Amino acid sequence: MSAAVTDDPARSKPAPERLAMSEDAEWASGLGAQLKLVQASFAEDDPVTRQQYISDEIARALKTVSPSKRRSYLQALAGRFPSWEGAPAPKVKPTLELSPEELVNRLVEAAPYLTIAQRRAMAEQLEGAGLVASRPAAGAAPASAAASEPIPEELQRKLGLDPDQALSQVRVLRLIAVLIEFSVTLDQLAWNVWKQIAPKSIVRRDGGAESDFRRIAGPYLAGDDEVSTAQISQVVDKTRQLIAGLLAGMGSTGEAFARQFLTRISPGAIKEKADAESGFFVGPEQKCWRKYLEVFNDINGPMIEKEIAEVLATQAEELILGKGRQGGVA
């Protein structure tokens, strides 16, 4: 009997070791919860937009995983979403089967069989990815000496730059990428929170692709005439006002909720409710005590959480619409 127990490998392992989760499974579990939240937050959006958000989340999470482990990590994640609730699975870039050096060799071998148009298109793609440095035209001045637009005075003041100081184009582009990532994430988070605490508010994000900062930022930077600076400013300013309203509203939410809550359970309110009920054979103190117990028993955690959210939504909405202070949220 004891020998059978000893030979059982499942029983011989300590409990923590049996319950331990592998690295890829733990990664897939955390990311899976985040993807479900994204999927629920954008349930009203079209499938293409929702799939793009999910793909972005997966790509962002893969940045922390070494290339050699990405296949197993993605397989662990796929096991948690066998059907994606009937929706098509997001497109994720596969792990490279060949090394970068081998890919370059393959491209060089195929070069003689490519047309001029194909070569030019590939060269532009490689240059856009930062793999090929652009060459100045014959007789052109070096990039450092080339004429460039002067830095606006407003930007000089904000960044503390000298009028004759030049900007690094590479770092400008990198900073733009960082700021766009920050803006898109904050934009999504702010409007998701607002949709949860104030689903019936008249403060809403405009619908359509023109209100999606990520969709219009790219064409704007590429010089698309259909996307103006005013349009970019309008989208950013609306999110800025929402975030400012939420943060400013938090400062007065506690006091407003406390005043509202204490008014409900104040002696005067309890007495007024007790006097409104019949009961000629019950003393006033006993009626007030019974009414207080009735009011107190109706109070619970979900109710308080709901009322705090409503107070916050009211405070933020007043600030955004300019009702709480002259001129609204700055």
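Trainee: Why does D237 count as partly exposed?

Mentor: Relative accessibility decides the matter: buried means under 20% relative accessible area, exposed means over 50%, and partly exposed lies in between, with a 1.4 Å probe and protein chains only. D237 stands at 29% relative accessibility, so the residue counts as partly exposed.

Trainee: On what basis are such values given?

Mentor: This is a predicted model, in which local features need pLDDT of at least 70 and side-chain atom pairs count only at pLDDT 80 or more, while totals for chains, interfaces and linings use all residues. Residues are numbered from 1 along each chain as its sequence is written, and side-chain values use heavy atoms, with hydrogens and water left out.

Trainee: What makes the meeting of the R240 and D237 side chains a salt bridge?

Mentor: The term requires a side-chain nitrogen of Lys or Arg within 4 Å of a carboxyl oxygen of Asp or Glu. Between R240 and D237 the N to O distance is 2.4 Å, and the pair is therefore a salt bridge. R240, like D237, lies in helix α12, three residues away, about one turn of the helix. R240 has a relative accessible area of 35% and is therefore partly exposed.

Trainee: How do you know that K271 forms a salt bridge with D275?

Mentor: The closest N and O atoms of K271 and D275 are 2.9 Å apart. Both residues lie in helix α13 (residues 267-275), four residues apart, about one turn of the helix. K271 has a relative accessible area of 45%, so K271 is partly exposed; D275 has a relative accessible area of 45% and is partly exposed.

Trainee: Is K291 buried or exposed?

Mentor: K291 has 7% relative accessibility and therefore counts as buried. The side chain of K291 meets that of E294 in a salt bridge of 3.2 Å, N to O. Helix α14 (residues 284-297) holds both K291 and E294, three residues apart, about one turn of the helix. E294 has a relative accessible area of 40%, so E294 is partly exposed.

Trainee: Which secondary structure does the protein have?

Mentor: The protein has 15 helices and zero strands. Here helices (H or I, at least four residues) and strands (E, at least two) are DSSP runs, numbered from the N terminus.

Trainee: Why are α10 and α12 called oblique to each other?

Mentor: Two packed helices are described by the angle between their axes and the distance between the axes. The axes are lines fitted to C-alpha atoms, for helices over the stretch in contact, and angles run from 0 to 180 degrees between N-to-C directions. Angles under 35 degrees count as roughly parallel, over 145 as roughly antiparallel, 65 to 115 as roughly perpendicular and the rest as oblique. Helix α10 (residues 169-197) and helix α12 (residues 229-264) pack at about 55 degrees, with their axes 10 Å apart. The two helices are therefore oblique to each other.

Trainee: In which crossing does α10 pass α12, left-handed or right-handed?

Mentor: The crossing is left-handed; that word applies if the near helix is turned anticlockwise from the far one by less than a right angle, and right-handed applies if clockwise. L186, D187, A190, W191, W194 and I197 of α10 make the contact with K238, T239, L242, I243 and L246 of α12.

Trainee: What makes α12 oblique to α15?

Mentor: α12 and helix α15 (residues 301-321) pack at an angle of about 130 degrees, with axes 6 Å apart. The angle therefore makes α12 oblique to α15. Their crossing is right-handed.

Trainee: Why does N192 count as buried?

Mentor: N192 has 13% relative accessibility and therefore counts as buried. N192 belongs to helix α10. Leaving aside neighbours within four places in sequence, N192 is in contact (heavy atoms within 4.5 Å) with S41 and F42.

Trainee: Why does S233 count as partly exposed?

Mentor: S233, placed in helix α12, has 40% relative accessibility and therefore counts as partly exposed. Over the protein, buried residues make up 23% of the 330 residues.
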